[in-house]
Amino acid sequence: MEKYGFVYIWRDRKHNRYYIGSHWGTECDGYVCSSKWMNKSYNRRPEDFKRKILVKIYSSKNELLEQEYKWLSLISDEELGKKYYNFTKHKNGHWTAEDYEKDIRRRISLKTKEAMQKLEVKQNYKEGLKTRDCRSSDLEVRTKISESMKKTMAEKFPNRKQRDKFGSEEYCKKMAEKTKQLWLKSGHRESVGKKISQSLIGRPSPVKNTFWWNNGLKNTRKAECPGPEWIRGKL
């Protein structure tokens, strides 16, 4: 399917918060947004989010940026970071973190290739490999690094209590015994169950009234068909 651009808005119904962004791709390619803050919330509770396409652009990415900026301009400064997951409303020249990383890797690769064409650079690189410490995975090296970190932490935080090593047999036995005593305590089990029950009241089930869909490459679970290329059923 040929790519195109679109400006979208997400709504988080739990906090009544929004996010406006743009994407050059397709509506069903799995892209969510470039906001780390919103992505964390979306990954925890995707059932609370719903996306609406504001406008589609088929001409160019520059035109898509112009359209995105028009919609971002409607957000007041007081709403940034509060009513919206957006922190800024400036015109951006990037698309996604993934696209940005690809561009950076491409530039670094080109610069490296150009530099390696020089005999002096190539020779210096080969000489550097002879003295480079490539034993970071060795037990001896890891032990030295661990001891150095412990010493640094002890000097930086002299009043910090030394804890048992997580995962050690002694620590696991201690935690297991502590948990066992808590569960044997009168009323503790009922109290925990009641708190869990209360926290779930009013929260919709993420799988109720949803179905499996696939596009021949991956599966998703939605109440409605995600797009024209998706069919009912699980791969």
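The charged end of Arg 232 sits over the ring of Phe 211, 3.9 Å from the ring centre, and Arg 232 also lies over the face of Trp 213, at 5.9 Å from that ring centre; a charge sits over a ring if NZ of Lys or CZ of Arg is within 6 Å of the ring centre and within 35 degrees of the ring normal. This is a predicted model, in which local features need pLDDT of at least 70 and side-chain atom pairs count only at pLDDT 80 or more, while totals for chains, interfaces and linings use all residues. Residues are numbered from 1 along each chain as its sequence is written, and side-chain values use heavy atoms, with hydrogens and water left out.

The whole structure holds 12 aromatic pairs, where rings of Phe, Tyr and Trp (its six-membered ring) pair if their centres lie within 6.5 Å, with planes under 30 degrees apart counted as stacked, over 60 as edge-to-face and the rest as tilted.

As for cysteines, the structure holds 0 disulfides, a disulfide being a pair of cysteine sulfur atoms within 2.5 Å. Cys 28 is in no disulfide, because the sulfur of Cys 225 is 7.5 Å from the closest cysteine sulfur, in Cys 28, too far for a bond.
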